[in-house]
Every structure is written in C-alpha cells, then in structure tokens.
Amino acid sequence: MWLVVALLFALSSGAMSLDKLNMCMDAKHHKVEPGPEGKLYDQCKPWKDNACCTANTSAGAHDDNSYLYNFNWNHCGTMSQQCKKHFIQDTCFYECSPHLGPWIQKVDQSWRKERILNVPLCKDDCESWWNDCQNDLTCKTDWHTGWDWSSGVNKCPEVSKCMKWIEFFPTPKDMCEKIWSNSYIYTNLNKTSGRCMQMWFTGANPNKKVAEYYIQNAQQRHNFAPITLFLLTVSTFFVIMV
C-alpha cells in the first residue's frame with residue numbers, strides 16, 4: 001500500500017512539474033498564459049507561435065528609453081548597434097519565452113512577483129554578446145540595482161565612472177552572470193547540445209526541449225528521495241521482523 005502511495009506521489013509531482021514547461025512568469029508585462037502572437041516585432045518574431053509577450057511589448061523592446069522599464073541603454077554615451085541588438089534580443093527572450101519555468105523564482109518586488117534565476121545560456125550566445133559589446137562603455141556591473149532614477153530614467157550613480165566594457169566584465173562569463181544579478185549562468189555548452197537555452201534561433205523554438213530536459217532531471221532527483229526512503233524503511237522493518 002505504501003509503495004502505491006509513493007508512486008502516486010511521484011506521478012502527481014511529475015504532472016505539476018510539467019506545468020513549468022509552458023508558462024509565463026508573473027511580471028510587469030507578461031501575459032497570464034502563453035499563446036500565438038502573429039505580429040511580434042522584428043527580433044521578437046521567433047516567439048510568434050507561442051509567446052508570453054504581446055505585440056506592443058515586442059515593439060517596446062526595441063526602443064531606447066522604452067516605456068517597458070524606462071531603461072536607458074545609452075547611459076555612457078551611445079551604445080553601438082552591434083551591442084544593442086543583444087540587449088534587444090535579451091529583452092525579447094525575457095519577455096516572450098514560454099519555456100523559462102524551471103528557473104522561475106518568487107520575488108517580492110514592486111514591479112514583479114517572479115524572476116528567472118540561473119538560466120543556463122549557450123556559450124555561443126553569451127560569447128557573441130560579449131564580443132559585440134567589449135568596446136562599449138558602462139559604469140556598473142549589476143544593471144538591476146544601484147542606478148540614479150531621480151530623472152525617471154536610469155543614470156550612472158554619482159560615484160561611478162564610465163569605463164570600457166572589459167573593465168567591468170573581463171570575460172563573457174562575468175557579463176552573462178553579473179549584468180542581471182544571476183538571471184543567467186554561463187555554460188560551456190553549445191547550441192547543438194540541447195542542454196542550454198538559446199536567445200538567438202530561427203524556426204521552431206529549441207528551448208522547449210531544453211526546459212523539458214531540466215524538468216525531467218529535477219523530477220527524477222525529487223522522486224528518488226521519498227521512494228528510496230520508503231524502500232529503506234520497508235527493508236529495515238523486515239530485518240527487524242526476521
């Protein structure tokens with residue numbers, strides 16, 4: 001009987017975990033549920049078949065000082081176009097992706113109730129992002145916090161100084177992990193591995209398979225513990241009885 005209970009617990013936990021495969025986080029501009037958005041703008045178009053963003057959000061992702069967050073990419077002079085395209089893609093990925101469930105965490109912030117943490121980024125995307133930005137300027141390592149918002153848009157703190165990108169982010173790993181306070185982690189995996197999330201893709205979204213892999217791995221570890229404990233308890237019981 002107890003074995004049946006343990007197996008039913010494992011199956012119900014698996015069903016709950018699968019919900020994370022196709023979901024939107026509870027944040028400022030996200031839809032409640034993912035679905036088709038045929039008119040997504042420019043770099044956000046790859047998510048049109050199944051998106052957590054609206055067409056208006058996708059357009060806002062491409063604007064300087066966008067209404068989305070009033071964030072100014074040009075806080076240390078004009079950001080180069082080759083660098084900016086990665087931040088636009090990063091915004092599309094964050095706003096539109098329906099497959100970030102395994103890495104969504106609860107937060108208590110005025111502008112969102114959930115965030116992503118430690119999403120494994122493919123090496124290709126992270127390194128091309130860093131390479132295209134390494135000659136740009138910035139004044140901070142963590143872009144989530146510590147800005148001067150007195151004007152309504154972010155400005156460099158008074159004590160900071162604009163310097164070359166590589167002064168703040170010596171490596172691609174430094175940039176990808178620090179710039180959004182550990183929203184991403186750098187991996188040594190490439191896009192063909194099926195084990196890392198891609199910001200840049202064409203055609204069918206490859207990140208669904210990646211999310212599924214991490215959900216299944218987490219579920220196997222989660223289910224292993226109670227079943228193993230149960231079997232050990234049963235074994236101990238029989239040893240005592242004998």
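**The largest pocket and beyond**

Author: Helix 3 gives the most to the lining of the largest pocket, with four residues. Keep in mind that this is a predicted model.

Reader: Which elements give two or more residues to that lining?
Author: Helix 3 and strand 2, which spans 112–116.

Reader: What volume does the largest pocket have?
Author: About 630 Å³. The lining has 29 residues, and the closest to the pocket centre are Y69, F71, W111, H144 and W180.

Reader: How does the lining split by class?
Author: It has 14 nonpolar, nine polar and six charged residues.

Reader: Step back a bit. How many helices and strands does the protein have?
Author: Seven helices and six strands. From the N terminus on, the order is α-α-α-β-β-β-α-β-β-α-α-β-α.

Reader: And what share of the residues counts as buried?
Author: 43% of the 242 residues. The protein exposes about 13100 Å², with carbon and sulfur atoms supplying 58% of that area.

Reader: Now the cysteines. How many disulfides turn up?
Author: A search of the whole structure finds eight. As a reminder, a disulfide is a covalent bond between the sulfur atoms of two cysteines.

Reader: Start with C53. Which residue is its partner?
Author: C96, with the two sulfur atoms 2.1 Å apart. The pair links distant parts of the chain, 43 residues apart. C53 sits in the loop between helix 1 (2–18) and helix 2 (55–60), while C96 belongs to helix 3, residues 81–96.

Reader: Why is that one called right-handed?
Author: The torsion about the S-S bond of C53 and C96 is about 95 degrees, so the disulfide is right-handed.

Reader: Is C53 buried or exposed?
Author: Buried. The cut-off is under 20% relative accessible area, and C53 has 0%. C96 is buried too, with a relative accessible area of 0%.

Reader: Next pair. What does C83 bond to?
Author: C83 forms a disulfide with C133, their sulfur atoms 2.0 Å apart. C83 lies in helix 3 and C133 in helix 4 (residues 123–133), so the link ties together parts that are 50 residues apart in sequence.

Reader: What is the handedness there, and are the two cysteines buried or exposed?
Author: The link of C83 and C133 is right-handed, with 95 degrees about the S-S bond. Both C83 and C133 are buried.

Reader: And the third pair? Where does C126 connect?
Author: To C176, at 1.8 Å from S to S.

Reader: What is the torsion of C126 and C176?
Author: About 135 degrees about the S-S bond, so this disulfide is right-handed. C126 is buried, and so is C176.

Reader: How far apart are K123 and Y186?
Author: They are 63 residues apart in sequence, and 6.6 Å apart in space from C-alpha to C-alpha.

Reader: How accessible is K123?
Author: K123 is partly exposed, with a relative accessible area of 30%.

Reader: Where is D42?
Author: In the loop between helix 1 and helix 2. D42 counts as partly exposed, at 43% relative accessibility.

Reader: What about N182?
Author: N182 has a positive phi near 65 degrees, and it is a residue other than glycine. N182 is placed in the loop between helix 6 and strand 6, which covers 184–186.

Definitions and conventions. Residues are numbered from 1 along each chain as its sequence is written. This is a predicted model: local features need pLDDT of at least 70, side-chain atom pairs count only at pLDDT 80 or more; totals for chains, interfaces and linings use all residues. Side-chain values use heavy atoms; hydrogens and water are left out. A disulfide is a pair of cysteine sulfur atoms within 2.5 Å. Buried means under 20% relative accessible area, exposed over 50%, partly exposed in between (1.4 Å probe, protein chains only). On a 1 Å grid over the protein atoms alone, a cavity is a set of points where a 1.4 Å probe fits but cannot get out, and a pocket is an open set with protein on both sides within 12 Å along at least five of seven lines; lining residues have an atom within 4 Å of a point. Grid points are joined across faces, edges and corners, and a volume is the space filled by probe spheres set on the points. Ala, Val, Leu, Ile, Met, Phe, Trp, Tyr, Cys and Pro count as nonpolar, Asp, Glu, Lys and Arg as charged, and the others, Gly among them, as polar. Accessible areas come from the Shrake-Rupley method with a 1.4 Å probe; for residues, only the protein chains shown count as cover.
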